[in-house]
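Dear colleague,

Please find the structure we discussed directly below. My notes on its charged side chains follow.

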Amino acid sequence: MSIENLWGELPKIAHMRTPAIILREQAESLKAQTKGLLVGDVKQTQGGPQFFLMFYIVAPTLGGYRFHLLSVEHGLGFYPLVVFHVAVQSGEKGVQCDDEEEFVLELRRILSSDTTRDVIQKLLTHVLSDQRQVG
Amino acid sequence: MQILFWNMNNRKLPDQLSALVCPLEIDILIVAECGMSDVEILQSINEGNARPFTSPLNLGSTIRFFTRYVPESVMPVWDDWGVSVRKIAPPLGEECTVVGVHLPSKLYRGSRNNPDQLSHARSVAEVITEAEQRVGHDRTVVIGDFNMNPFEDGLVAADAFHSVMDRQTAAELTRTVDSKKRKYFFNPMWSLLGDASPGPPGTYYYRGSGQICYFWNTFDQVLLRPSLLDCFRSEDLEVITSVGSQSLRKQNGRPNRNLYSDHFPIRLQLTIERP
């Protein structure tokens, strides 16, 4: 006797890049571009129904120094989400993104901003001068 | 080790900075809301100074460190939302961790004891705990503008800063709350509140229109882990109200925000450098 399907037609599993996956891709990209001198780290926490993603720039050769660059807050459905550019906004205001396209745009704006470039440049200078002193 | 913290209200005060750090022989200067660039600050505090300051690596936008120690003595550990953690290895004595904080203002986040400030205090406390695990010790001093008074939830709650007003309680090291062990901080600023304190009644004055108003607030504070208690004497902490012959106060004793800053600087001495 075959089992009757009481579920009806289930929704198709969408090929979705979650905000965490998108951030981890950028963490990998930073590592590749700086040849591992700087790496990205994504930390995930949960508070009630909300999920929080923290993106750090980490300098492994500086004792694992961490710079908190941005945070993302989202619910179970991922979107809309709110992005906080921690380095400049001091947590006062975030930018709402209604879908993946808006999130990627906001991420591009933050990662390629003068503030972020300045942080990366200063960190790389520090890392390289540290290596020269050791060498 | 002498540490000076000043929220400068986005002012350019090169002469006052210079007149503060040189006579007081400050080793570590930490500024928040400073309207001067690193170069401008270094120019002002290094003029005629035999032991010049350097800026070790200032990536945080709100808190900046300057030190007279050799640059290698100051290692960046973490920069986060309103918090900068630095590992300090003085020429003599044990290393310690100095955490500079500038937490969100009540003006943006509502009134006293608001949940956002408590939530932020919890996340900063987590950063400090994780940083202590990374550096491998808890000889930690936290200094800065908390935008909360010593008696508010963010400073007192066990899952936030967990700071207490007396050494004896802090010396018990930890307290277990909801099955989690929480380390104490000692908050010596409690002794500097109100008229009977040796300095001004607080570090910041605000006359609000609400039912509850403290007028004087002690937002600028110092917290010490119990492991640093024997390096600290109560008289080694002061709220500074004058720079040389210049008073930072108005005639009524409140911070002269028109000429200087709306916050008074605070100075801390820790006797860490022992042979």
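**Charged side chains in chains A and B**

Glu130(B) and Arg134(B) are separated by about one helical turn, because they stand 4 residues apart in helix α4 of chain B. Please bear in mind that this is a predicted model. These two residues form a salt bridge, in which the closest N and O atoms are 3.6 Å apart. Glu130(B) has a relative accessible area of 22% and is therefore partly exposed. Arg134(B), at 38% relative accessibility, also counts as partly exposed.

Over all chains, the search of the whole structure finds 20 salt bridges.

In chain A, Arg17(A) is paired with Glu100(A) through a salt bridge whose closest N and O atoms are 2.8 Å apart. Arg17(A) counts as partly exposed, since its relative accessibility is 29%. Glu100(A) is likewise partly exposed, with a relative accessible area of 26%.

In chain B, a salt bridge joins Glu94(B) to Arg139(B), and here the closest N and O atoms are 3.9 Å apart. This pair, too, links distant parts of its chain, the two residues being 45 residues apart. Glu94(B) is found in the loop between β5 (83-88) and β6 (96-102), and Arg139(B) in the loop between α4 (115-135) and β7 (140-145). Is Arg139(B) buried or exposed? Arg139(B) has a relative accessible area of 19%, which is under the 20% limit, so this residue is buried.

Chain B also contains a network of salt bridges, which links Glu132(B), Asp138(B), Lys183(B) and Arg225(B).

Which residues form the negative surface patch? The patch is made up of Asp98(A), Asp99(A), Glu101(A) and Glu102(A). One of these, Glu101(A), lies in helix α3, which covers residues 100-111 of chain A. Glu101(A) counts as exposed because its relative accessibility is 62%.

With kind regards

Note on methods:
Residues are numbered from 1 along each chain as its sequence is written. Chains are lettered from A and ligands numbered from 1 in the order in which they are written. This is a predicted model: local features need pLDDT of at least 70, side-chain atom pairs count only at pLDDT 80 or more; totals for chains, interfaces and linings use all residues. Side-chain values use heavy atoms; hydrogens and water are left out. Patches are made of residues with over 30% relative accessible area and no salt bridge: like charges are joined within 9 Å, nonpolar side chains (Val, Leu, Ile, Met, Phe, Trp, Tyr) within 5 Å. Accessible areas come from the Shrake-Rupley method with a 1.4 Å probe; for residues, only the protein chains shown count as cover. A salt bridge is a side-chain nitrogen of Lys or Arg within 4 Å of a carboxyl oxygen of Asp or Glu. Lys and Arg count as positive and Asp and Glu as negative; His and the chain ends are not counted. The place of a charge is taken as NZ of Lys, CZ of Arg, CG of Asp or CD of Glu. Buried means under 20% relative accessible area, exposed over 50%, partly exposed in between (1.4 Å probe, protein chains only).
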